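Welcome! Have a look at it, and then read on.

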Amino acid sequence: MSKILAITGGVGGAKLALGLSKILSADELVFAVNTGDDFEHLGLHISPDIDSLTYALAEENNQELGWGRAGETWQFIETLGQLGGENWFRLGDKDLALHMQRTQMLRSASTLTEATAHITRAFGITHTVVPMTDDAVRTIVHSDQGALAFQHYFVREQCRPAVSGFEFAGIESANLNPIIAETLEDCRGVIICPSNPYVSVDPLLSLPGMREALRNIPVIAVSPIVGGMAIKGPAAKMMQELDVPASAPAVAAHYGNLLDGFVMDLTDADQRSEISVHTRVTETIMNSLQRRIELARFCVEFLHAL
Ligand code: FO1
């Protein structure tokens, strides 16, 4: 059965992903997730964007922090700090168990795809959630403080360094997840969720063969920039540092001829004429489950109309 593929990264994308999961069944929808943010830390394999999506789909995500799990305690990471360990990357006690389970599975020769299937099923998630690749791809942020591993830039340095570019180490030899390739062979369309184009979506689009695989498939993207600002995260700051206007049209231009459609917020309706691709305007701020579902429905209808 032909499916819709949703491409998502961190928190912004995960909100729309939850909306999509409420209107499309597991037979109609597959989630492809960025793994460029992954890193080995404290002996654990951490996959932040997979975790954000998992917690979002399970409605277990921490709405205050925007990442991690709801109802967390922090005994482990506080104690680690008291023992002089690295506590800059805040691992909650329940979250820690997820990283431990994934790391144990990877050490026992499971792939990240298999570990993710196991963990999402444990959360009662029936939709397919797949990492963009099972190979190691790591986003490096080139900045005025040198080349930084993504989590060092994003968390340890709190996105303060001025960025000059990004590199996805390992991308040349990484294999697109076969489940994504298979989904694209009989695909009703692709929705690029409102994640950071540079560090949450580009790694997946940069996988060898990915852009070719998208060529004959309707692709729409939802702008993560509203009124010149990112709803969450450093996308607008990055754009300014890259001398790109922090605007919805600039996001559409970034994706270029990959797009058949673009969704942006009502706030930016006056900029529609700046965008060459077919554009629709709606309320894209998703501050309730209902808004997530409404935007999901809007995107699916847009895909059908293309
Ligand atoms: N983001 C932070 O800003 N501070 C943290 O301490 C932090 C811990 C963390 C732990 C597990 C996890 O899955 C994500 C975590 N994040 C944290 C968010 C993470 O850095 C970002 O979600 C992505 O890498 C960017 O979308």
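How many of the eight residues of helix α11 (residues 248–255) are buried? The answer is six, so the helix is largely enclosed by the rest of the structure. Please keep in mind that this is a predicted model.

**Helix α11 and its ends**

- The buried residues of α11 are Ala248, Pro249, Ala250, Val251, Ala252 and Tyr255.
- Where α11 starts, the backbone nitrogen of Ala250 has a side-chain oxygen of Ser247 within 3.1 Å.
- Just beyond α11 comes Gly256, with a positive phi of about 60°.

**Nonpolar cores**

- As a general background, nonpolar side chains tend to be buried together in soluble globular proteins.
- The largest nonpolar core here has 52 residues. Those touching the most other members are Leu5, Ile7, Leu184, Val190, Ile192, Met210 and Phe262.
- Setting aside neighbours within four places in sequence, Ile7 is in contact with Ala32, Val190, Ile191, Ile192, Cys193, Val201, Leu204, Leu205 and Met210.
- Another core, of 30 residues, lies apart from the largest one. Its members include Ala6, Phe31, Leu295 and Val300.

**Cysteines**

- How many disulfides does the structure hold? It holds zero.
- Cys187 is in no disulfide, and the nearest cysteine sulfur to its own belongs to Cys193, 13 Å away. With a relative accessible area of 15%, Cys187 is buried, because buried means under 20%.
- Cys299 is in no disulfide either; its nearest cysteine sulfur is that of Cys193, 7.7 Å away.
- Cys299 has 0% relative accessibility and counts as buried.

**A pair of packed helices**

- Helix α1 (residues 11–23) packs with helix α2 (residues 48–57) at an angle of about 35°, and their axes are 9 Å apart.
- On the α1 side, the contact is made by Val11, Ala14, Ala17, Leu18 and Ser21. On the α2 side, Ser52, Leu53, Ala56 and Leu57 take part.

- Thr103 sits in helix α4 (residues 93–107). Is Thr103 buried or exposed? Its relative accessible area is 4%, so Thr103 is buried. Not counting residues up to four places away in sequence, Thr103 touches Gly43, Leu44 and His45.
- Pro131 belongs to strand β5 (residues 128–131) and, at 0% relative accessibility, counts as buried. Leaving out neighbours within four places in sequence, Pro131 is in contact with Val33, Thr35, Ile50, Leu112, Thr113, Thr116, Asn177 and Ile180. Pro131 and Glu114 are 17 residues apart along the chain, and their C-alpha atoms are separated by 9.7 Å.
- Where is Gly233 found? Look in the loop between β12 (229–230) and α10 (235–241). Gly233 counts as partly exposed, at 44% relative accessibility. Gly233 and Gly66 are 167 residues apart in sequence, with a C-alpha to C-alpha distance of 9.7 Å.

Technical notes:
Residues are numbered from 1 along each chain as its sequence is written. This is a predicted model: local features need pLDDT of at least 70, side-chain atom pairs count only at pLDDT 80 or more; totals for chains, interfaces and linings use all residues. Side-chain values use heavy atoms; hydrogens and water are left out. A disulfide is a pair of cysteine sulfur atoms within 2.5 Å. Buried means under 20% relative accessible area, exposed over 50%, partly exposed in between (1.4 Å probe, protein chains only). A nonpolar core is a set of buried Ala, Val, Leu, Ile, Met, Phe, Trp, Tyr and Cys residues joined through side-chain atoms within 4.5 Å. Contact means heavy atoms within 4.5 Å. Helices (H or I, at least four residues) and strands (E, at least two) are DSSP runs, numbered from the N terminus. A polar contact is a pair of N or O atoms within 3.5 Å; within protein, one must be able to donate a hydrogen and the other to accept it, and residues adjacent in sequence count only if both atoms are side-chain atoms. Axes are lines fitted to C-alpha atoms, for helices over the stretch in contact, and angles run from 0 to 180 degrees between N-to-C directions.
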